[in-house]
2 protein chains.
Amino acid sequence: MSDETQELGITESKEHSPGEWYAEVVQKAGLADYAPMGGFIVTRPRGYALWEGLQNHLDGWFKQTGVQNAYFPMLIPESYLEAEKDIVEGFDPEVAWVTHGGHEELEERLAVRPTSESIITPFMSQWIRSHRDLPMRLNQWCSVIRWEATDTKPFFRTKEFLWQEGHTAHRDREGAWDETMTRLDQYERLYEDVLAIDVLTGRKPDHDKFPGADTTTSVEALMPDGKSVQGGTSHYLGTGFAEAYDVTYADEDEEEQLAHTTSWGTSWRALGALIMSHSDDQGLVLPPAIAPEQVVIVPIWQEDTREEVLEYCEGLQSDLEATGLSVNLDDRDERNPGFKFNEWELKGIPLRIEVGPNEVDDEEVTMVHRPDGENVVADRADLVSAVEDALDTVHAKLFAASEERLEEGVREAHGRADILGTIGQHGGYVKTGWCGEESCETEIKDQIAAEIVAVPMEDDEEHETPVHDTCGVCGEESVTTAYFAKSY
Amino acid sequence: MSDETQELGITESKEHSPGEWYAEVVQKAGLADYAPMGGFIVTRPRGYALWEGLQNHLDGWFKQTGVQNAYFPMLIPESYLEAEKDIVEGFDPEVAWVTHGGHEELEERLAVRPTSESIITPFMSQWIRSHRDLPMRLNQWCSVIRWEATDTKPFFRTKEFLWQEGHTAHRDREGAWDETMTRLDQYERLYEDVLAIDVLTGRKPDHDKFPGADTTTSVEALMPDGKSVQGGTSHYLGTGFAEAYDVTYADEDEEEQLAHTTSWGTSWRALGALIMSHSDDQGLVLPPAIAPEQVVIVPIWQEDTREEVLEYCEGLQSDLEATGLSVNLDDRDERNPGFKFNEWELKGIPLRIEVGPNEVDDEEVTMVHRPDGENVVADRADLVSAVEDALDTVHAKLFAASEERLEEGVREAHGRADILGTIGQHGGYVKTGWCGEESCETEIKDQIAAEIVAVPMEDDEEHETPVHDTCGVCGEESVTTAYFAKSY
């Protein structure tokens with residue numbers, strides 16, 4: 001990290017220019033840079049460490065619940081994509097095509113995977129013979145490309161992105177639906193327990209489902225600028241893909257049956273939501289569960305106290321590391337404490353411990369919470385439990401702010417003017433009755449670029465008993481509640 | 001896993017038809033399948049678990065030695081590849097080109113990365129300003145494509161393969177050379193301590209270096225069929241790439257200096273070497289350090305002993321798992337013990353514990369080593385240490401066999417007929433004097449497809465004092481020892 005970069009600091013304001021502020025935090029905190037090709041980014045070590053943190057949590061939960069990792073080819077023959085007509089229609093406009101290998105033109109062009117149902121499902125068809133082979137749960141961590149022509153926004157809008165995609169096959173609707181919900185719950189847990197972001201869960205309107213899916217469910221996170229982020233999706237695919245790619249099994253009576261399949265994915269967009277949710281005009285703010293460094297110790301010394309302060313700091317570091325915490329002792333001589341405070345605030349370390357000669361004499365530590373600068377003094381003897389409590393508190397503060405934003409961000413409205421006005425003025429979600437017709441969404445979308453980001457699950461009371469008897473847009477009878485919002 | 005597949009067993013012979021045998025082990029042990037496009041494979045869960053095992057070891061060592069993971073775009077603009085002329089000449093014939101995004105033809109075609117020097121080095125150029133930014137050590141785990149028109153051999157010859165590629169920049173030759181050696185040593189350790197394969201290390205002749213490199217070093221593993229596998233390469237790139245992509249830094253006197261760079265990589269070919277080295281006509285054989293399941297417990301019961309045997313087995317499993325071992329208790333009712341023995345031998349679990357009523361009564365366990373069927377009985381009270389010893393013994397047996405193969409596989413020869421005859425009859429390495437001219441290698445290569453896979457490092461006595469005074473091919477003065485072999 002060069003001096004120039006460190007000394008710049010964040011110059012944009014989160015409140016007044018959220019787009020520029022976001023780009024600045026991403027670059028100055030060393031998370032990512034823009035690649036020379038529009039739509040691509042370079043994920044730098046501090047950004048990639050966040051991805052590894054997310055992977056560690058999610059991959060562990062997947063494995064505990066019967067998922068096995070695998071790896072399928074990144075290139076998919078065009079004829080494979082075409083076997084499921086919704087997939088080809090849904091993704092054809094945004095596929096990157098490999099047409100040449102070396103100096104030869106290929107006989108059949110190959111898609112860089114935009115998602116892998118069309119290569120994974122045919123293999124499931126080969127591997128599944130009997131009911132004893134089910135359920136089959138596969139996942140891969142990989143990158144995919146979707147050639148969308150939009151402005152690059154690191155982690156939010158990129159042509160290539162890192163993600164995981166899970167693909168499973170089950171005997172019946174019930175097994176596949178349970179799977180769909182298990183993964184949605186894990187995504188919700190990722191957001192709440194790891195990223196400290198409160199989320200809405202729901203399903204997408206039929207016209208906005210994953211191509212070929214029976215039901216698409218998602219977690220939705222509300223950003224401080226009032227827009228919603230689709231933070232992870234879990235699809236119950238019904239038997240459509242099994243039919244297209246011939247995934248059948250012999251049941252106990254040796255009768256051939258169609259499998260029910262699911263797919264579910266979350267991408268580095270979760271990192272975008274993380275950065276945008278908590279960070280501020282000093283830079284990145286990270287919850288402890290995903291921070292690559294959870295604690296930074298900054299010694300404050302004069303020439304004559306250097307040795308005793310440093311020794312005390314090393315003791316703190318080793319006690320904390322022994323409990324599995326990740327601790328950075330910033331003992332650089334060439335930087336003063338103020339510079340270090342700014343640097344680690346910019347880079348989002350959740351807890352700073354300041355140690356000067358007074359702390360050494362009094363056998364204490366001064367802990368400063370990153371999100372709000374709150375200062376807590378603890379006895380040296382209670383170091384480990386005090387730091388653990390402080391980290392819990394930091395998580396709780398971040399989550400509480402997100403929870404409050406979501407609670408305040410859901411507003412009822414009814415009637416075109418009310419819906420448009422409410423979203424226009426406040427952003428966030430507008431909750432209204434909906435007749436189920438796409439045209440009512442289109443009306444709102446055309447005027448204010450807000451869409452229905454979620455409707456309640458079918459077994460949810462809000463679906464059965466909509467918030468209003470009539471559709472908030474057309475006034476016809478409503479069949480469900482719908483949540484309108486602008487979204488990333 | 002369907003019944004049919006399980007019951008087939010390995011039908012080919014490793015000795016008599018090694019190619020067919022290898023393909024059969026890979027498929028029947030559930031490691032990989034062939035994809036519809038020639039040159040691509042699907043890595044199944046048992047194969048991918050081996051890759052994860054390799055990653056866990058290597059990634060830990062990398063991080064302990066200052067490496068940070070990052071992620072760069074999978075697509076590289078043609079003009080970037082062209083900035084380093086050796087790279088473009090070396091890789092152009094085997095690049096997969098993306099020419100279309102959605103329905104549009106791209107203005108500049110994009111290479112699916114065959115290796116990432118040409119996108120990573122320009123970013124290092126941006127990030128490195130002063131000597132304080134050095135060394136910079138980046139690594140990415142990703143897949144790359146090299147469009148070679150060869151028969152697919154899973155993990156050995158595939159157009160797409162998984163690998164890691166490390167890229168570092170240093171102040172001077174010494175720093176970069178140390179880095180090159182550190183990574184070569186880690187690859188050697190991977191082979192020896194994890195994969196239980198003895199290796200040769202050395203450097204490549206100048207005409208066979210990585211395009212643009214100053215020095216290419218590698219680990220070479222001898223397969224049972226007498227061919228050598230290049231198992232990992234570590235390149236000292238000198239200042240050529242730094243010059244091409246402008247990687248400079250200000251030294252202590254504020255003078256601008258060119259950085260010295262390295263790159264190093266190992267791919268899933270290591271898994272190919274693993275499978276081929278140890279496996280046999282019963283199927284896969286795995287060393288414990290990389291086996292996803294290290295121990296399988298097979299209960300042997302009758303109706304009336306079922307409960308006590310099973311309870312005893314569960315106790316074993318929980319004691320072993322408490323020490324961090326990965327243990328599979330195969331308590332399936334529908335399979336008999338013989339079937340289970342065969343299945344877990346096919347799948348390569350290093351140690352089997354058999355428990356019948358006698359073991360329960362005598363408070364013992366019977367342990368069977370996968371590689372050779374050796375049977376060891378231990379007291380139940382010593383379970384954990386007995387199993388740990390047994391696993392160490394299994395590793396030692398596998399490594400000893402590999403070590404013996406390598407020792408016996410290096411033969412001196414001098415003169416064309418002797419070299420050709422020795423390789424033709426025995427395979428393995430022929431060690432001979434070499435004048436340093438490529439034409440002498442070509443003569444051997446043209447006749448028997450063997451090449452110089454390694455020459456000793458320049459600081460090695462075998463380089464300074466060649467095994468023969470004269471070149472084994474042309475009879476001119478020799479400048480180094482060379483190792484000829486057929487290779488994958």
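Buried here means under 20% relative accessible area, exposed means over 50%, and partly exposed is in between (1.4 Å probe, protein chains only). By that rule A:Thr366 is buried, at 9% relative accessibility. This is a predicted model, where local features need pLDDT of at least 70 and side-chain atom pairs count only at pLDDT 80 or more, while totals for chains, interfaces and linings use all residues. Residues are numbered from 1 along each chain as its sequence is written, chains are lettered from A and ligands numbered from 1 in the order in which they are written, and side-chain values use heavy atoms, with hydrogens and water left out.

**Where chains A and B meet**

- Contact (heavy atoms within 4.5 Å) links 59 residues of chain A with 59 residues of chain B.
- The area buried between chain A and chain B is about 4,800 Å², and carbon and sulfur atoms give 62% of it; buried area is the accessible area (1.4 Å probe) that two parts lose on being put together, summed over both.
- Of what chain A buries against chain B, 13% comes from A:Tyr71, A:Met74 and A:Trp127, more than from any other three residues.
- The count of salt bridges between chain A and chain B is 2, a salt bridge being a side-chain nitrogen of Lys or Arg within 4 Å of a carboxyl oxygen of Asp or Glu.
- A:Glu52 and B:Lys63 meet in a salt bridge through their side chains, at 3.1 Å, N to O.
- There are also 22 residue pairs in polar contact between chain A and chain B, both residues at pLDDT 80 or more. A polar contact is a pair of N or O atoms within 3.5 Å; within protein, one must be able to donate a hydrogen and the other to accept it, and residues adjacent in sequence count only if both atoms are side-chain atoms.
- Strand 5 (residues 96-101) of chain A gives the most to the side of chain A that touches chain B, with 6 residues. Strands (E, at least two residues) and helices (H or I, at least four) are DSSP runs, numbered from the N terminus.

**Helix 13**

- In chain A, helix 13 (residues 383-409) has 27 residues and reaches 39 Å from its first C-alpha to its last, close to the 39 Å expected at 1.5 Å a residue; the expected span is 1.5 Å times one less than the number of residues.
- Its buried residues in chain A include A:Leu383, A:Val387, A:Leu391, A:His395 and A:Phe399.
- A:Glu404 sits in helix 13 of chain A and is partly exposed at 46% relative accessibility.
- A:Glu404 and A:Asp418 are 14 residues apart in sequence and 23 Å apart in space, C-alpha to C-alpha.

- A:Thr366 is in strand 18 (residues 364-369), and its side chain makes a polar contact with that of A:Glu359 (2.6 Å).
- Leaving aside neighbours within four places in sequence, A:Thr366 is in contact with residues including A:Arg352, A:Ile353 and A:Val377.
- A:His170 is in strand 8 (residues 160-170) and is buried at 4% relative accessibility.
- The side chains of A:His170 and A:Thr168 make a polar contact (2.6 Å).
- Not counting residues up to four places away in sequence, A:His170 touches A:Leu134, A:Tyr249 and A:His260, among others.

**Cysteines**

- Taking a disulfide as a pair of cysteine sulfur atoms within 2.5 Å, the count over all chains is 0.
- B:Cys142 is in no disulfide, and the nearest cysteine sulfur, that of A:Cys142, is 12 Å away.
- B:Cys142 is buried at 7% relative accessibility.
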